[in-house]
Amino acid sequence: MLLGVIADDFTGATDIASFLVENGLSTVQLNGVPADDIIVNTQAVVISLKSRSCPVEEAKEQSLAALSWLQRQGCRQFYFKYCSTFDSTPKGNIGPVTDALLNALGESQTVISPALPVNGRTVYQGYLFVMGQLLSESGMRNHPVTPMTDSSLLRLMEAQAEGKCGLVTASELDLGAQAVKQKLSALAKEGKRYVVLDALSEQHLLVQGEAVKSMKLVTGGSGLAIGIARQWAVVDQESGQSKNNAKLAGAPQGKKAVVLSGSCSTMTNLQVERYRQQAASKAIDVERCVASDSEHAAYAAELARWVEENAGDGLAPMLYATAEPETLKLIQQKYGSQTSSHAVERLFSEVVSLLHKAGFNRFIVAGGETSGVITQSLDIHGFHIGPCISPGVPWVRATERPVSLALKSGNFGDENFFARAQSEFPV
């Protein structure tokens, strides 16, 4: 096994797995740290955790367990994957997890590269931009769990982590991989434990991949995976090993489909609004989600029946808890942020279980937390990665049973994503 990836949420794991496959590495995504007796025959493994917003010590424990499993599989390089918008708080979890992984591997330096230019995430002079806006001026400033109010990756990293941060600029990346390696070496001598890498284009990501080829631990969004995969794919071709066609193994199947949206991101709000004009849609009533267990179960059954009644030959029906920031704020004030969030996740879990029993086996899901809950509800432990619907969002198929999923991070995809996921990938 060449590359082991530790991803801090489910859609982020799917995101990076799709880039690895697209750039030449056969990849399997595993849901949580697997048991030792699971045999995985692939070039790269992505372990998806739910550690982005959990307590710091829990995030470190999960990440170190994943690292230990990947080490036992013989992985030659390790990759800590987080969101391209660096979702975290001043206390973590990106910094503390990075430190824990560096310490476990006995390494003294790694890189910080969240950029994904194809999706509008760029880094310039160490500042993170989202679709041309500073991170702190983008929709991420209103994120309900990890509001991003600073755009400086150097400040964000030093606030969370143990060491000091350096920078490789875009103009230095333009000089090529050898120049970047020399800069990394110079920064290491200055004691810079983390190095932010600018990136304005895919070419910058390819230079990054070549420059960090021998680095034991790298960290970043899914963009760096483009450069990393190209490097490992070259190595694999030189060794004469054939590539597996993971795209075919992950192609969508299943006639009965449903769209489930739990994200409240800016893009998901636009996608939900567009899809409401195209297909049968029903909003989740949060008040009924936080009710008694019996009422909760009755509501889940009611929603599952509605989905069955509206499933036909056209576009799949949609259930959504997506809300505009002002509405979300009122909900959180009335019920509490954690209480309302957990209640909606629990409802999605129960609805999905009922729908699966009713023969639904194709799920299009928006939101990292929602994706994690639904995957767990279906008791899915691994995926084959299939064709991409949008950059970073492939169709995936469960390794254990005929269930297909499209797991979309909140801000990914275009406005017509939900319809395209069906019309451009017929079953």
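This is a guided walk through one protein chain, from its overall build to single residues. The model is a predicted one, so local features need pLDDT of at least 70 and side-chain atom pairs count only at pLDDT 80 or more, while totals for chains, interfaces and linings use all residues. Residues are numbered from 1 along each chain as its sequence is written, and side-chain values use heavy atoms, with hydrogens and water left out.

Let's start with the whole chain. Along the principal axes, the C-alpha atoms fill a box of roughly 65 × 50 × 35 Å.

How much of the chain is buried? Buried residues make up 57% of the 427 residues, where buried means under 20% relative accessible area, exposed over 50%, and partly exposed in between (1.4 Å probe, protein chains only). Contacts, meaning heavy atoms within 4.5 Å, also tell us about the fold: among those between residues at least 6 apart in sequence, 74% join residues at least 24 apart.

Two residues give a closer look at these ideas. Ala406 lies in strand β18 (residues 404-408) and is buried, with a relative accessible area of 0%. Leaving aside neighbours within four places in sequence, Ala406 is in contact with Phe363, Ile364, Val365, Ile389, Pro394 and Trp395. Val123, by comparison, is 283 residues from Ala406 in sequence and 28 Å from it in space, C-alpha to C-alpha. Asp379 sits in the loop between α15 (368-377) and β16 (382-390), and at 43% relative accessibility it counts as partly exposed. Not counting residues up to four places away in sequence, Asp379 touches Glu400 and Arg401.

Next come the charged pairs. A salt bridge is a side-chain nitrogen of Lys or Arg within 4 Å of a carboxyl oxygen of Asp or Glu, and by this rule the count comes to 19. One of them pairs Lys183 with Glu172, the closest N and O atoms being 2.8 Å apart. This pair links distant parts of the chain, eleven residues apart: Lys183 is in helix α6 (residues 177-189) and Glu172 in helix α5 (residues 170-173). Both partners are partly exposed, Lys183 at 22% relative accessibility and Glu172 at 23%. Another salt bridge joins Glu190 to Lys192, with closest N and O atoms 3.6 Å apart; Glu190 counts as exposed, at 53%.

Asp414 and Arg420 form a further salt bridge, their closest N and O atoms being 2.5 Å apart. Elsewhere, salt bridges that share partners join Asp8, Asp9, Arg52 and Asp87 into one network.

On a 1 Å grid over the protein atoms alone, a cavity is a set of points where a 1.4 Å probe fits but cannot get out; a pocket is an open set with protein on both sides within 12 Å along at least five of seven lines, and lining residues have an atom within 4 Å of a point. Grid points are joined across faces, edges and corners, and a volume is the space filled by probe spheres set on the points.

The structure holds one cavity of 30 Å³ or more, and about 60 Å³ of space lies in the largest cavity. Its lining includes Arg52, Lys81, Ser222 and Phe412, and helix α1 (residues 10-22) gives the most to it, with three residues. The second largest pocket holds about 250 Å³ of space. Of the 14 residues that line this pocket, the closest to its centre are Lys255, Gly312, Asp313, Gly314 and Arg362.

Notes
Helix = DSSP H or I, 4+ residues; strand = E, 2+ residues; numbered from the N terminus.
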